[in-house]
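Thanks for coming. I have a structure to walk through, and I will keep to what can be read from the atoms.

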Amino acid sequence: MQSNQTFADVFKARGVSRRDFLKFCSLTSVYLGLSPSMVPNIVQAMENKPRTPVIWLHGLECTCCSESFIRSSHPSIEDLLFNMISLDYDDLLSAAAGTQLEDQRHRIMKEYKGKYILAVEGNVSTKDDGVYCMVGGDSFLNTLKETAADAAAIIAWGSCASFGCVQNAHPNPSGAAPVSDIIKDKPIVKVPGCPPISEVMTGVITHFHTFGTLPDLDRLGRPKAFYNTRIHDKCYRRAFFDAGMFVPSFDDEATRKGWCLYKMGCKGPTTYNSCSKIQWNGGTSFPIGSGHPCIGCSEPNFWDRGPFYQRLAEVPFLGTDSNADKIGILAVGAAAAGAAAHAAVTAVKKAKEEKHDNKDNA
Amino acid sequence: MGRIIEEIYVWRLPVRLYHWINALCMLVLFGTGMFIAAPLLSPPLGEAVWYKGMAWWRYLHFVFAFVFIANFLFRMYWALFGNDKYGRFGGFRPWSPSWWGTPFREQVESYLFLRSDEPNYVGHNPVAALAHFVFIFCGSTFMIFSGLAMYGENNPGGFSDLWFGWMIPLFGGSYTLHFTHHLGSWMLPIYVIMHLYAVVRHDVVDRTSVTSSIITGYKHKVEEEPM
């Protein structure tokens with residue numbers, strides 16, 4: 001039965017040598033940030049554990065997570081998708097469609113009750129009973145609740161499923177909510193990013209498969225292995241930041257010299273992700289490497305912290321767009337005006353009293 | 001002019017030292033903080049290795065921040081265990097309705113010109129105590145906690161991160177915490193304006209030499225003017 005094959009069986013069936021199999025295990029351990037002594041554990045798990053069934057749901061989303069996922073280079077996507085994880089339901093990638101596909105989802109939910117991973121891409125429309133996101137004739141809200149009920153764990157792919165992303169940016173017309181707002185009784189791994197790095201996605205799945213537990217999570221529910229440090233901390237332009245050498249505009253000498261993009265609104269100092277370590281598309285580059293400031297796409301509500309090309313976000317204040325400095329200066333002005341007015345009243349009052357006193361004495 | 005009829009030793013040395021160290025720290029922290037948010041100066045073209053344009057400002061910010069924290073903790077100790085009549089929390093009881101009653105209302109009315117006589121306090125009057133509680137106690141506490149949380153971001157799992165990192169999810173992410181810290185820094189100029197104005201005004205109206213009292217420690221009672 002194919003769904004009970006182990007990873008090693010799959011490798012063997014596809015003619016991959018044991019040497020390459022061990023290479024894959026070593027690479028995976030590196031991506032997971034594990035010590036070399038953990039490699040035998042990975043090998044053991046890959047050889048003995050049946051593949052973990054995965055149900056992959058799509059809600060309100062743009063499919064950029066899947067686009068990123070299929071560009072994984074270590075391991076390559078062909079191996080990953082057809083052989084490594086048992087991706088039993090994915091309405092984007094499955095060959096089947098309609099009733100057949102929905103039947104498959106129900107079969108997995110029954111046969112692997114409490115054992116399958118539920119991967120969720122996109123978030124949930126909650127307004128008007130979730131009518132703004134209908135999949136397979138039912139609202140995504142219902143589908144998610146139904147499928148999550150018997151899942152072992154949930155992986156929230158991307159910023160949508162993790163924090164909400166553009167759908168729940170102000171004013172959030174469809175009432176979009178991240179998975180953690182809907183499902184409260186299941187362990188959830190948040191893998192934010194718009195999209196997340198493909199190796200991060202495959203790394204999280206491999207961790208669960210290898211150890212049978214979720215990876216260590218940080219305070220926001222993200223795997224520490226990939227989201228423990230900021231882009232800024234590992235940025236190759238950090239030396240320019242410390243030196244105070246900043247790009248002032250996009251078309252000058254400093255840009256060509258590759259100085260720090262801090263003043264161009266780079267959100268690297270406040271963004272937790274692995275872009276500056278693992279990089280993208282098999283280590284080709286990442287936004288800052290291509291000369292563009294980080295927009296902080298893996299941080300909560302990053303759409304409402306804009307504009308992207310300013311350090312200081314604009315926030316609504318007294319009905320207009322403002323920022324911390326404008327609000328501060330306004331408040332200082334108000335305090336100064338208040339003090340001046342108070343001083344004036346004091347002076348007038350004092351002068352009057354003295355006049356009064358003089359009259360009394362006279 | 002009225003004669004000085006009494007000299008009162010109000011601000012003891014620890015309080016005066018705290019005041020001036022605090023003032024210096026806050027000014028430096030505000031200045032360096034604003035520079036870190038919007039670095040205006042830039043080094044000439046060259047190799048990054050020779051310059052510390054941003055690192056130096058951040059270093060100053062952190063050094064003064066730790067002095068500021070130590071100074072704040074010292075003041076808390078003094079307020080609680082210093083046995084200092086005018087420098088302790090004793091008179092400040094915002095949880096008690098009676099505190100908001102006569103003494104606080106009287107002082108507010110006086111500030112709003114609703115009564116002609118000035119209530120006389122040797123230490124802080126109730127309105128000043130409230131202002132200090134909001135700006136100095138709550139303000140400093142917030143700036144210290146948020147600052148340490150951001151400081152801890154450099155070293156995940158370290159002391160600062162373990163003890164103060166919870167501020168980051170509380171404010172919905174690192175960026176929002178930075179933003180709020182930045183916004184909070186504007187408390188300083190607002191407070192300084194109100195503080196200096198109130199001090200000068202009290203000195204002119206009550207003639208208690210409150211301005212020099214933070215240097216000498218002494219306030220004066222003057223004779224009612226016979227005119």
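This is a predicted model: local features need pLDDT of at least 70, side-chain atom pairs count only at pLDDT 80 or more; totals for chains, interfaces and linings use all residues.

Let me start with how chain A is divided. There is domain 1, residues 2-227, then domain 2, residues 232-313, and domain 3, residues 322-361. Taken over C-alpha atoms, the centres of domain 2 and domain 3 of chain A are separated by 47 Å.

Now the sheet in chain A. In what order do the strands of this open sheet stand? The order is β2-β1-β3-β7-β9, which makes 5 strands, and the pairing is parallel. The edges are taken by β2, residues 86-90, and β9, residues 188-191. Each of these two has a single partner strand, so one side of each is left without a neighbour in the sheet. On average, neighbouring strands here are turned by 20° against each other, direction ignored.

Of its 5 residues, 4 are buried, and the strand is mostly covered. Its pairing with β1(A) is parallel and consists of 4 bridges. If you want to find that pairing on the screen, look for A:Pro53, whose bridge partner in β2(A) is A:Ser86.

Further along the sheet, β3, residues 117-121, pairs with β7, residues 153-157, both in chain A; this pairing is parallel too and has 5 bridges. There you can look for A:Ile117, which stands opposite A:Ala153 in β7(A).

Helices lie against this sheet. One of them, α10(A), packs on it and touches β3, β7 and β9 of chain A. The direction of α10(A) makes about 160° with that of β9(A). Another, α6 of chain A, residues 98-111, lies across β1 and β2, and runs at about 130° to β2(A).

In soluble globular proteins, nonpolar side chains tend to be buried together. The largest nonpolar core in this model has 75 residues. Which of them touch the most other members? They are A:Leu118, A:Val120, A:Ile154 and A:Ala156. By element, the largest share is 5 residues, from helix α10 of chain A, residues 198-211. Why does this core lie between domain 1 and domain 2 of chain A? Both domains give residues to it, so it lies between them.

Leaving aside neighbours within four places in sequence, its contacts include A:Val120, A:Pro178, A:Ile188 and A:Val191.

Two peptide bonds in chain A are worth a look. The bond joining A:His170 and A:Pro171 is cis, with omega about 5°. A:Pro171 sits in the loop between α8 and β8 of chain A. The bond joining A:Cys194 and A:Pro195 is also cis, with omega about -5°, and A:Pro195 is in the loop between β9 and α10 of chain A.

Next, where the chains meet. On this interface, 37 residues of chain B are in contact with 39 residues of chain A. On the chain B side, α7, α8 and α9 each supply at least two residues. The largest share of that side, 7 residues, comes from α9(B). Sorted by class, the side has 25 nonpolar, 9 polar and 3 charged residues.

Now chain B itself. How many helices and strands are there in chain B? There are 10 helices and 2 strands. Of the 227 residues of chain B, 22% count as buried. Its C-alpha atoms fill a box of roughly 75 × 40 × 35 Å along the principal axes.

I will finish with two residues in loops of chain B. B:Trp11 is in the loop between β1 and α1 of chain B. Is B:Trp11 buried or exposed? It has 22 other C-beta atoms within 10 Å, and the cut-off for buried is 20 or more, so B:Trp11 is buried. B:Trp11 and B:Lys219 are 208 residues apart in sequence, yet 8.6 Å apart in space, C-alpha to C-alpha.

B:Asn83, in the loop between α2 and α3 of chain B, is exposed, with 8 other C-beta atoms within 10 Å. Its phi is positive, about 55°, although B:Asn83 is not a glycine.

That is all I have.

Key. Residues are numbered from 1 along each chain as its sequence is written. Chains are lettered from A and ligands numbered from 1 in the order in which they are written. A nonpolar core is a set of buried Ala, Val, Leu, Ile, Met, Phe, Trp, Tyr and Cys residues joined through C-beta atoms within 7 Å. A residue is buried if 20 or more other C-beta atoms lie within 10 Å of its own, exposed if 12 or fewer, and partly exposed in between; C-beta atoms are placed from the backbone. Domain bounds come from an automatic or database domain assignment. Two residues are in contact if their C-beta atoms, placed from the backbone, lie within 7 Å. Two strands pair if DSSP finds at least two bridges between them. Axes are lines fitted to C-alpha atoms, for helices over the stretch in contact, and angles run from 0 to 180 degrees between N-to-C directions. Ala, Val, Leu, Ile, Met, Phe, Trp, Tyr, Cys and Pro count as nonpolar, Asp, Glu, Lys and Arg as charged, and the others, Gly among them, as polar.
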